[in-house]
Amino acid sequence: MKHIAVILILAGLAPMGWSGGMENDRSPLPQIDAGGILNQIQNSRNDFPQPNPTAPDLKDKHISSSQLKDLLRDSNPEIRKAAVKSARTYILNSFAYERVMDILENANERLDIRVEAARTLSYAAGNSRIRESLVDIIKYGNNPRELRVMSYKALWGVAGGHSRIQDFLRDAIKYSEKDLDARRAAIWAIFDATRNSRPREVLLDLLRYGNEEELTRIEAVKSLYGAMGYSRVKELMMDLVRNSNEKKPVKLAAIAALSGASGDSRVQNFLKDLMRYGADTEIKTAAIEAAAPNMAKIREYFHLGYKVENGGFVSPIEKE
């Protein structure tokens with residue numbers, strides 16, 4: 001708990017306290033600014049890559065570049081997999097990313113190792129060759145679903161700053177991606193771009209007009225968390241909760257998202273009304289949690305990256 005507290009204080013995300021009086025007044029709730037949280041993530045990304053200095057699945061803690069080259073070609077697949085994970089340390093160097101790209105693109109390589117290769121390459125997706133390699137895995141050939149899902153998610157860190165990647169993800173969400181899991185991965189990956197109008201609108205339209213199944217709607221809500229500063233997003237989240245035809249899990253996700261706009265007086269009053277007048281225990285509980293959010297839970301639920309005590313950055317892709 002002490003470690004979590006230090007992380008939140010350093011990141012400027014420690015929640016403010018909140019206590020009773022909700023039945024008798026409309027005093028301000030603690031202010032959690034989702035946009036500010038996303039700014040913390042964007043600033044932290046300047047530190048990419050931030051690998052663990054140890055190799056978790058290898059006995060040797062300190063792997064030299066020459067050792068890594070050999071390990072990435074080892075005949076033992078478990079050693080290759082561990083080496084791919086450890087390649088984060090060197091992934092901005094051509095000797096590392098070229099070999100990891102070879103593993104990603106090798107149809108004869110074991111699937112779980114290729115998936116790890118996509119995850120590792122996410123730390124260097126600013127490189128155009130790596131972006132194109134990830135996009136090609138998604139678009140061409142008959143690659144397994146798990147690999148396509150991770151390749152979509154590996155694009156998250158560049159989605160906010162590269163219009164071509166934004167357009168690629170938007171097209172996948174709107175038209176081209178037919179696999180439900182892969183489409184949700186595209187929705188996941190676009191979350192860091194939703195303060196740009198076109199990515200934001202594609203998710204708003206999906207929630208307003210799309211005949212989408214529950215998990216897809218929840219993923220869209222989650223990816224709009226960073227856009228909670230926009231009035232249309234806040235209004236939509238409240239509308240989802242008010243809609244008697246909306247499924248409860250989607251409503252609960254929308255209430256959680258409103259924690260990112262609790263500094264808005266309309267959102268404050270909306271949450272207080274849910275707490276005061278709501279007939280459903282789960283809805284009332286969600287409103288209480290949104291009014292006084294636990295930032296560790298928010299970070300995990302909305303797949304947000306965060307800085308750690310030593311200044312390193314933990315990418316949300318590590319939880320995927």
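E212 is partly exposed, with a relative accessible area of 22%. Here "buried" means under 20% relative accessible area, "exposed" over 50%, and "partly exposed" in between, using a 1.4 Å probe and protein chains only. The structure is a predicted model, in which local features need pLDDT of at least 70 and side-chain atom pairs count only at pLDDT 80 or more, while totals for chains, interfaces and linings use all residues. Residues are numbered from 1 along each chain as its sequence is written, and side-chain values use heavy atoms, with hydrogens and water left out.

## Salt bridges

The side chain of E212 meets that of R183 in a salt bridge, at 2.7 Å from N to O. This pair links distant parts of the chain, 29 residues apart: E212 sits in the loop between helix 12 (197-209) and helix 13 (214-223), and R183 in helix 11 (residues 180-189). R183 counts as buried, at 12% relative accessibility. A salt bridge is a side-chain nitrogen of Lys or Arg within 4 Å of a carboxyl oxygen of Asp or Glu. Helices (H or I, at least four residues) and strands (E, at least two) are DSSP runs, numbered from the N terminus.

Why can such side chains pair? Side chains of opposite charge can do so when their charged atoms come close.

The structure holds 26 salt bridges.

| Pair | N to O distance |
|---|---|
| E212 and R183 | 2.7 Å |
| K81 and D112 | 3.0 Å |
| K248 and E282 | 2.8 Å |

The side chains of K248 and E282 form a salt bridge. Their pairing links distant parts of the chain, since K248 lies in helix 15 and E282 in helix 17 (residues 281-291), 34 residues apart. K248 is partly exposed at 30% relative accessibility, and E282 is also partly exposed, with a relative accessible area of 44%. Salt bridges that share partners also join R145, D179, D181, R184 and E213 into one network.

K81 lies in helix 4 and D112 in helix 6, so the pair ties together parts that are 31 residues apart in sequence. D112 counts as partly exposed, at 26% relative accessibility.

How do helix 4 and helix 6 lie, roughly parallel or roughly antiparallel? Their axes come within 9 Å and cross at roughly 10°, which makes helix 4 roughly parallel to helix 6. Axes are lines fitted to C-alpha atoms, for helices over the stretch in contact, and angles run from 0 to 180 degrees between N-to-C directions. Angles under 35 degrees count as roughly parallel, over 145 as roughly antiparallel, 65 to 115 as roughly perpendicular and the rest as oblique.

On the helix 4 side, P77, R80, K81, V84 and K85 meet D112, I113, E116, A117 and T120 of helix 6. Contact means heavy atoms within 4.5 Å. By class, the residues of this contact are four nonpolar, one polar and five charged. Ala, Val, Leu, Ile, Met, Phe, Trp, Tyr, Cys and Pro count as nonpolar, Asp, Glu, Lys and Arg as charged, and the others, Gly among them, as polar.

Helix 6 (residues 111-121) also packs with helix 8 (residues 145-153), at an angle of about 5° and with axes 8 Å apart. These helices are therefore roughly parallel to each other. Helix 6 brings L111, R114, V115, A118 and R119 to the contact, and helix 8 brings E146, L147, M150 and S151. Five of the residues are nonpolar, one is polar and three are charged.

## The nonpolar core

The largest nonpolar core has 92 residues, of which Y152, L155, L169, M237, I255 and L271 touch the most other members. Helix 15 (residues 248-258) gives the most to this core, with seven residues. A nonpolar core is a set of buried Ala, Val, Leu, Ile, Met, Phe, Trp, Tyr and Cys residues joined through side-chain atoms within 4.5 Å.

K234 has its place in helix 14 (residues 231-242). Is K234 buried or exposed? K234 is buried, with a relative accessible area of 12%. Leaving aside neighbours within four places in sequence, K234 is in contact with M228, G229, L258, A261, D264 and V267.

H303 is found in the loop between helix 18 (295-301) and strand 1 (306-307). H303 is buried, with a relative accessible area of 7%. Beyond neighbours within four places in sequence, its contacts are W188, F191, E219, K222, S223, P316 and E320. H303 and F191 are 112 residues apart along the chain, with their C-alpha atoms separated by 9.1 Å.

Y90 lies in the loop between helix 4 (77-86) and helix 5 (94-105). Y90 and S65 are 25 residues apart in sequence and 7.5 Å apart in space, C-alpha to C-alpha.
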